[in-house]
Amino acid sequence: MQSRIPSSPCRPGRQGRPRSAAADEAILKATRAALVDLGWSKLTLGDVATRAGVAKTTLYRRWAGKNELVVDAVAVLFDELELPDLGSLAADIEAVVLQFAAILDRPETKTALMAVVAESTRDAPLRERIRTSIVDRQKRLVLEGRARAELRGELPVPADAESAARSADLIFDVAAGAVVHRTLVSGESVDADWVRRFTLLLLGGLSAASGD
């Protein structure tokens, strides 16, 4: 994770102090806990610093403000997602959807994600940060899954890079949107039966799009 604010100039001939991965992890964990306890409006960087056991200046060296900090706190949760190779596109999709639903079901994820999405409706830079730090990063799963399915012969190779990019965007929107809506809006469970039926529906759409 890159620092969001330039670090202070180093003395000649010396390197700046390296960032502490342990401190970053503690800060992001404290941010999610504070959101659950306090909510977006009452969350402050001072409270996060106290919970994480670091100086407030440590946070400001890494993040410009609350918006950036909370987005990064959410983004690292979704970085846990992995696309397994289970031998078929259907099995791979089912596995990653179940992982995604399990992450969304955590209280810290629900609170943090809903908070930043709500705030982003009034904050265009925050919306852009969500797109680059969460959405664009997780599209890797679609790209990996499609490439693997092409090698297996389950899907045809796209005609060109532009078509492949449009297809990846659509697949991600459909899959992520369906799971987020079911778990966070409808409040319904994402169990194995629902995932199986959703995967069949998604694969039917992929086949139709590939045929076109």
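From the N terminus on, the elements of the chain run α-α-α-α-α-α-α-α-α. The count is thus nine helices and zero strands, where helices (H or I, at least four residues) and strands (E, at least two) are DSSP runs numbered from the N terminus. The model is a predicted one, in which local features need pLDDT of at least 70 and side-chain atom pairs count only at pLDDT 80 or more, while totals for chains, interfaces and linings use all residues. Residues are numbered from 1 along each chain as its sequence is written, and side-chain values use heavy atoms, with hydrogens and water left out.

Of the 212 residues of the chain, 39% count as buried; here buried means under 20% relative accessible area, exposed means over 50%, and partly exposed lies in between (1.4 Å probe, protein chains only). The accessible surface comes to about 11,800 Å², and carbon and sulfur atoms hold 56% of this area. Such areas come from the Shrake-Rupley method with a 1.4 Å probe, and for residues only the protein chains shown count as cover. Among contacts (heavy atoms within 4.5 Å) with a separation of 6 or more, 67% join residues 24 or more positions apart.

Helix H1 (residues 21-38) packs against helix H4 (residues 66-78) at an angle of about 105°, with the axes 9 Å apart. Axes are lines fitted to C-alpha atoms, for helices over the stretch in contact, and angles run from 0 to 180 degrees between N-to-C directions. That angle makes H1 roughly perpendicular to H4, a label used for 65 to 115 degrees, whereas under 35 counts as roughly parallel, over 145 as roughly antiparallel and the rest as oblique. On the H1 side, the contact is made by Ile27, Leu28, Thr31, Arg32 and Leu35, and H4 brings Leu69, Val70, Asp72, Ala73, Val76 and Leu77. By class, this contact has eight nonpolar, one polar and two charged residues. Ala, Val, Leu, Ile, Met, Phe, Trp, Tyr, Cys and Pro count as nonpolar, Asp, Glu, Lys and Arg as charged, and the others, Gly among them, as polar.

The largest nonpolar core has 55 residues, and Val48, Leu69, Phe78, Val97 and Val179 have the most contacts inside it. Such a core is a set of buried Ala, Val, Leu, Ile, Met, Phe, Trp, Tyr and Cys residues joined through side-chain atoms within 4.5 Å. At least two residues of this core come from each of H1, H2 (45-52), H4, H5 (89-104), H6 (107-120), H7 (124-152), H8 (161-185) and H9 (192-211). Beyond its neighbours within four places in sequence, Leu69 is in contact with Ile27, Leu28, Thr31, Leu45, Val48, Leu59 and Trp63.

Three further residues can be followed by eye. Val96, found in helix H5, is buried, with a relative accessible area of 15%. Leaving aside neighbours within four places in sequence, Val96 touches Leu81, Glu82, Leu83 and Leu141. Ala175 lies in helix H8 and counts as buried at 19% relative accessibility. By contrast, Ala192 of helix H9 is exposed, with a relative accessible area of 55%. The C-alpha atoms of Ala192 and Glu94 are separated by 8.0 Å, although the two lie 98 residues apart along the chain.
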